[in-house]
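Let's take a look at how this chain packs together on the inside. Have the picture ready and follow along as we go.

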Amino acid sequence: MEKIIINTKNAPKAIGPYSQAIKVGNLLYTSGQIPLDPITGKLVDDNVKNATDQCLKNIGKILDEANSSFDKVVKTTVFIKNMGDFPDVNEVYGKYFKDNQPARSCVEVKLPKDALVEIEVIAIVD
């Protein structure tokens, strides 16, 4: 199978030696997206709801670039700075995954740039 690198200018550039996403066969694997605004490059950290929304917006742009969508996401991993923020993260997350909810893991960790949240997905591509 061929490995295809997916990058879009509509999501933040990688802040290290990695790609925004990799497509292999009919699956897309995104790198974790922290809440960076792709236009300003600044971290959205005023509150965890806005941070979660920015992570998912960035993922949406990567999914679009790869001809996929939130409906085709099969697995997510959510990393949060504080497990006490889980209800707020879950509220925003649920707006993006109303139907066909993917499998999910969630863990509390220390994140790059001291971000409040980071999300990665695996999705089916056409």
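Leucine 28 is in contact with Ile6, Ala21, Ile22, Lys23, Leu63, Ala66, Val121, Ile122, Ala123 and Val125, leaving aside neighbours within four places in sequence. Keep in mind that this is a predicted model.

Leu28 also shows up in the largest nonpolar core, among the residues with the most contacts inside it, together with Leu56, Ile59, Leu63, Val78, Val117 and Ile119. Which elements give two or more residues to this core? They are H1, strand S4, helix H2 and strand S6, and H1 gives the most. There's a second, separate core too, and Ile34, Leu36, Phe79 and Leu111 are among its residues.

| Core | Residues in it | Some members |
|---|---|---|
| Largest nonpolar core | 26 residues | Leu28, Leu56, Ile59 |
| Second, separate core | 5 residues | Ile34, Leu36, Phe79 |

Glutamine 54 sits in helix H1, which runs over residues 48-65. Is glutamine 54 buried or exposed? It counts as buried, because its relative accessibility is 11%, and the cut-off for buried is under 20%. Its side chain makes a polar contact with the side chain of asparagine 58, at 3.0 Å. Not counting residues up to four places away in sequence, glutamine 54 touches Pro35, Leu36, Asp37, Pro38 and Val44.

The largest pocket has a volume of about 160 Å³. Its lining has 13 residues, with Ile15, Tyr18, Gly32, Gln33 and Ile34 nearest the centre. By type, the lining divides into 7 nonpolar, 4 polar and 2 charged residues.

Technical notes. Residues are numbered from 1 along each chain as its sequence is written. This is a predicted model: local features need pLDDT of at least 70, side-chain atom pairs count only at pLDDT 80 or more; totals for chains, interfaces and linings use all residues. Side-chain values use heavy atoms; hydrogens and water are left out. Helices (H or I, at least four residues) and strands (E, at least two) are DSSP runs, numbered from the N terminus. Buried means under 20% relative accessible area, exposed over 50%, partly exposed in between (1.4 Å probe, protein chains only). A polar contact is a pair of N or O atoms within 3.5 Å; within protein, one must be able to donate a hydrogen and the other to accept it, and residues adjacent in sequence count only if both atoms are side-chain atoms. Contact means heavy atoms within 4.5 Å. On a 1 Å grid over the protein atoms alone, a cavity is a set of points where a 1.4 Å probe fits but cannot get out, and a pocket is an open set with protein on both sides within 12 Å along at least five of seven lines; lining residues have an atom within 4 Å of a point. Grid points are joined across faces, edges and corners, and a volume is the space filled by probe spheres set on the points. Ala, Val, Leu, Ile, Met, Phe, Trp, Tyr, Cys and Pro count as nonpolar, Asp, Glu, Lys and Arg as charged, and the others, Gly among them, as polar. A nonpolar core is a set of buried Ala, Val, Leu, Ile, Met, Phe, Trp, Tyr and Cys residues joined through side-chain atoms within 4.5 Å.
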